[in-house]
Amino acid sequence: MNGRPWTPDHTATLKRMAGAGYSDGEIAAHLGFCRETVTRRRAALHIGRGMSAAMISMLARVNMRRRLAA
């Protein structure tokens, strides 16, 4: 293992932030790990992907455009 080890506090924060909709990049910045490390850890713990508010807004705009184009 390279770098810092995961602590139970890191894991709890990961679960809480992913559940609240934060992206892996946002969680990584908060915890001080790289995004890939958070992504691997989240997958190993079978935690669903979070979506940031910006991502949710972007998806809403895309879906609205699709509905209007149809």
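Predicted model: local features only at pLDDT ≥ 70, side-chain atom pairs only at ≥ 80, totals over all residues.
Local features required pLDDT of at least 70 and side-chain atom pairs pLDDT 80 or more, whereas totals for chains, interfaces and linings use all residues. Residues are numbered from 1 along each chain as its sequence is written, and side-chain values use heavy atoms, without hydrogens and water.

Helices are DSSP runs (H or I, at least four residues) numbered from the N terminus. The axes of helix α1 (residues 8-19) and helix α2 (residues 24-31) come within 10 Å and cross at roughly 145 degrees; axes are lines fitted to C-alpha atoms over the stretch in contact, and angles run from 0 to 180 degrees between N-to-C directions. Contact (heavy atoms within 4.5 Å) involves His10, Thr13, Leu14, Met17 and Ala18 of α1 and Glu26, Ile27, His30 and Leu31 of α2.

Helix α2 also packs against helix α3 (residues 35-44), at an angle of about 110 degrees and with the axes 8 Å apart. The two helices, α2 and α3, are therefore roughly perpendicular (65 to 115 degrees). Here Asp24, Gly25, Ile27 and Ala28 of α2 meet Arg35, Val38, Thr39 and Arg42 of α3.

The largest pocket has a volume of about 160 Å³. A pocket is an open set of points on a 1 Å grid over the protein atoms alone, where a 1.4 Å probe fits, with protein on both sides within 12 Å along at least five of seven lines; lining residues have an atom within 4 Å of a point. The volume is the space filled by probe spheres set on the points, which are joined across faces, edges and corners. The lining consists of Ser23, Asp24, Arg35, Thr39, Arg49, Gly50, Met51, Ser52 and Met55.

Terms used
Parallel < 35°, antiparallel > 145°, perpendicular 65-115°, else oblique.
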